[in-house]
Amino acid sequence: MASVVEYKGLKAGYHCGYCDSEEGKASCGMWAHSLTVQDYQDLIDRGWRRSGKYVYKPVMNQTCCPQYTIRCRPLQFQPSKSHKKVLKKMLKFLAKGEISKGNCGDEPMDSTVEDAVAGDFALINKLDIKCDLKTLSDDLKESLENEEMKKEKNSKKEGSNESIHSQAIEEKLGSGEPSHSIKVHTVPKPGKGADLSKPPCRKAKEIRKERKRLKLMQQNPAGEHEGFQAQGQPPSLFPPKAKSNQPKSLEDLIFESLPENASHKLEVRLVPVSFEDPEFKSSFSQSFSLYVKYQMAIHQDPPDECGKTEFTRFLCNSPLEAEYPPNGPECGYGSFHQQYWLDGKIIAVGVIDILPYCVSSVYLYYDPDYSFLSLGVYSALREIAFTRQLQEKTSQLCYYYMGFYIHSCPKMKYKGQYRPSDLLCPETYVWIPIEQCLPSLENSKYCRFNQDPEAVDEGRSKEPDRLQVFHKKAIMPYGVYKKSQKDPSEEAAVLQYASLVGQACAERMLLFRS
């Protein structure tokens, strides 16, 4: 199904939650009626980010606090000393109920800070974006049916797919809620794919351990004299002595076995964001209450600003269409809530998007009564481990996107402590290791990270006439659409949109024009 977006243009001169400037913030935005996971992956790789169904991109050389897209490389990730401290603290709490006395305010990543998405949420509500969804869905349905009629002559099969697509678009646009019903009968039960409270697939873990041991043997070929024989014996039978000097992996630290009589039980559940999913529905009110408690305690939000409407719009409505390709992760692609259940009650929820190349962190809210567990850090480490787990089946899914890195805001620099990580160059959209970016950021808030002066944005809009427009119940290339347009500002808006989304997305996504 095609992505359908409505470009809203530039919003400049509004309040910034990072530096508190009254009118320093500038971003371009669009309302996404629906997005394929591949389109959203390509958009975030060009500096876009979503908040509910609103997708925005900071105007980097204009905004007061430039927001650089940051991604961590989980396969090479090594937990730092302070990360290990947080994981050990959680294990002690689960095993013995121990609450560490130390002040947790100095943790490198504590979610007492406003995340990039939350900062723009107030703006989204103020924009009061009104779209005539019903008309749009009817128009789109009609235009797709016309397309279908044409295609039916060529192939019966394609025709039936089209009708499913138009029905899916109609459902998506006609209701305010994400609808996965169209795809339910063709896929395994969503959410049942990954039991996150269990360690990753044993076999894969064994393979990793064996690789480590073989490496050790190569470093120490005389190993057989030290209590084990290298030949004729499966590597998994080596005694622990051989690996005692290996640092513990992230998984070892997270999934360390607890005693039978452990004080607490923690379970992490992955739930698809869909009001049709029984787990999502049954836990909704508990999840919502937790969100209100968090927003009021941590962000000092008044109750009327964290109602059910805001919660649903911000963290439950997603433009992403769930997809379940055979070579993808078992849980499928789309938007999810990762719920942390402690002794049968939800104490934290990480909102994430699972995309073709990454797990993208959207937001985290948690019970302030459990601040001593540093749940901001803990959940980020769990999400990194989860990305590694997904990568074992889906090899290209190997990055963890942490949203925006804001060097000029001390509260937001914690994201740079998950290494190795890269920042996105705001001009050429290539990834540069963060260590290479930091010296430049010390000198200037806005930086082009790509050091090659000849380099250009390879994905830029080169042929705007090929951009797809959805207008008056018909899908047409921009080259055709512009002939009927007299308003010069219309061309400026469409070309601005094309330059920001890039050629590939401009040709795939449908740009709705009223």
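User: Which way do Leu 510, Leu 511, Phe 512 and Arg 513 point from strand E15, and are they buried or exposed?

Analyst: Happy to! First, a word on the model: it is predicted, so local features need pLDDT of at least 70, side-chain atom pairs count only at pLDDT 80 or more, and totals for chains, interfaces and linings use all residues. Residues are numbered from 1 along each chain as its sequence is written, and side-chain values use heavy atoms, with hydrogens and water left out.

Now to strand E15 (residues 510-513); strands are DSSP runs of E with at least two residues, numbered from the N terminus. Leu 510 and Phe 512 point one way, Leu 511 and Arg 513 point the other way, and all are buried (under 20% relative accessible area with a 1.4 Å probe, protein chains only). In a regular strand, side chains alternate between the two faces of the sheet.

Two strands pair if DSSP finds at least two bridges between them.

Strand E1 (residues 4-14) pairs with E15 in the parallel sense over two bridges, and Val 5 has Leu 511 as its bridge partner. Strand E13 (residues 468-471) also runs parallel to E15, over three bridges; here Val 469 is partnered with Leu 511.

Technical notes. Buried < 20%, exposed > 50% of the residue type's maximum accessible area, 1.4 Å probe, protein only. Helix = DSSP H or I, 4+ residues; strand = E, 2+ residues; numbered from the N terminus.
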